[in-house]
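Trainee: Could you walk me through how to read a few features here? I'm new to this one.

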Amino acid sequence: MNKIVIIGAGGFGREVEMLISQINNKKKKWDLIGFLDDGVAQGTKIGKSKVLGPIQIINNLEDVNFVIAIADTVVKRKVINEINDKIKPAILIHPSVILGERVIVGEGTILCAGNIITEDIYIGSHVILNLMCTVGHDTVIRDLCSFMPSVNVSGEVVIEQGVFMGVGSKIINRVTIGEFSKIGAGAVVSKDLPANCTAVGVPAKPIKFHDRF
Ligand SMILES: CC(C)(COP(=O)(O)OP(=O)(O)OC[C@H]1O[C@@H](n2cnc3c(N)ncnc32)[C@H](O)[C@@H]1OP(=O)(O)O)[C@@H](O)C(=O)NCCC(=O)NCCS
């Protein structure tokens, strides 16, 4: 068994604890030693585990893997920058996930229950695909992206790093979304979208731009 910590003790952190336990039910792989969170007191019980302390203590832990259970893509990037290179990210893939041929999944990426990822797809590092997303052929999802439940991506789509896809949003084929943009719940992306915008609606249109760095 490999030791693992979950960074982020919120609701999604608890769902990742459930994901780990379902992976272990198939084949014992992970020894969850606890959560790390800057905003939750050390010793707080989360599900069956406890908060070990703030995120920074990860750099003092030995032989431990980690995943980041935080949906905000800018916060995820900040957290990664604080973690020593010696601490290795884990890849978590729920046993129900369907993966086609020639799919690459980067380190630290979390694929929750019910995802269907078809053929010739690149998924970068520290990506979250929450429950029941579908990703079509020849799509690229770069590092740090977070998809909320039930996102549907058609074929030949490019999603640049740090994009947040709200619950139930959809992207038609051959569209590119610029880095660190946020797509609202239920939006349909039918044309390329620029970087650093929030876009909502059907079809999705930018309603604001942000400088979040
Ligand atoms: C798009 C989103 C990121 C914008 O958040 P925000 O920057 O805080 O924006 P606001 O809430 O201030 O909304 C700005 C405007 O957009 C509208 N709006 C917000 N989200 C919208 C959406 N998904 N679809 C259509 N309009 C939306 C608001 O009603 C508001 O309109 P108004 O100016 O006429 O009042 C957010 O509303 C959203 O959809 N998040 C996804 C949440 C999600 O998927 N959660 C899953 C958890 S598992």
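Mentor: Let's begin with strand pairing: two strands pair if DSSP finds at least two bridges between them. Strands (E, at least two residues) are DSSP runs, numbered from the N terminus. This is a predicted model, so local features need pLDDT of at least 70 and side-chain atom pairs count only at pLDDT 80 or more, while totals for chains, interfaces and linings use all residues. Residues are numbered from 1 along each chain as its sequence is written, and side-chain values use heavy atoms, with hydrogens and water left out.

Trainee: Which residue in S4 is the bridge partner of Lys45?

Mentor: Lys50 is that partner. Strand S3 (residues 45-46) and S4 run antiparallel, joined by 2 bridges. They form a hairpin with 2 residues between them, and Gly47 in the turn has a positive phi of about 55 degrees.

Trainee: In which sense do S2 and S4 pair?

Mentor: In the parallel sense: strand S2 (residues 30-36) meets strand S4 (residues 49-53) over 2 bridges. Look for Leu36, which stands opposite Gly53 in S4.

Trainee: Where does a residue other than glycine have a positive phi?

Mentor: Ser150 is one case, with phi near 60 degrees. You'll find Ser150 in the loop between strand S16 (146-147) and strand S17 (152-153). Phe180 also has a positive phi, about 60 degrees, and is not a glycine. Phe180 sits in the loop between strand S21 (176-177) and strand S22 (182-183).

Trainee: Is Phe180 buried or exposed?

Mentor: Here's how the words work: buried means under 20% relative accessible area, exposed means over 50%, and partly exposed is in between (1.4 Å probe, protein chains only). Phe180 is buried, at 0%, whereas Ser150 is partly exposed, at 34%.

Trainee: Which peptide bond is cis?

Mentor: The one from Val202 to Pro203, with omega near -5 degrees. Pro203 is in the loop between strand S24 (197-200) and strand S25 (205-209).

Trainee: Which residues line the largest pocket?

Mentor: Rolling a probe the size of a water molecule over the atoms shows where empty space is left. On a 1 Å grid over the protein atoms alone, a pocket is an open set of points where a 1.4 Å probe fits, with protein on both sides within 12 Å along at least five of seven lines; lining residues have an atom within 4 Å of a point. In this model, the lining of the largest pocket includes Phe66, Ile80, Asp85, Glu107 and His126.

Trainee: How much space lies in the largest pocket?

Mentor: About 150 Å³.

Definitions and conventions: Helices (H or I, at least four residues) and strands (E, at least two) are DSSP runs, numbered from the N terminus. Grid points are joined across faces, edges and corners, and a volume is the space filled by probe spheres set on the points.
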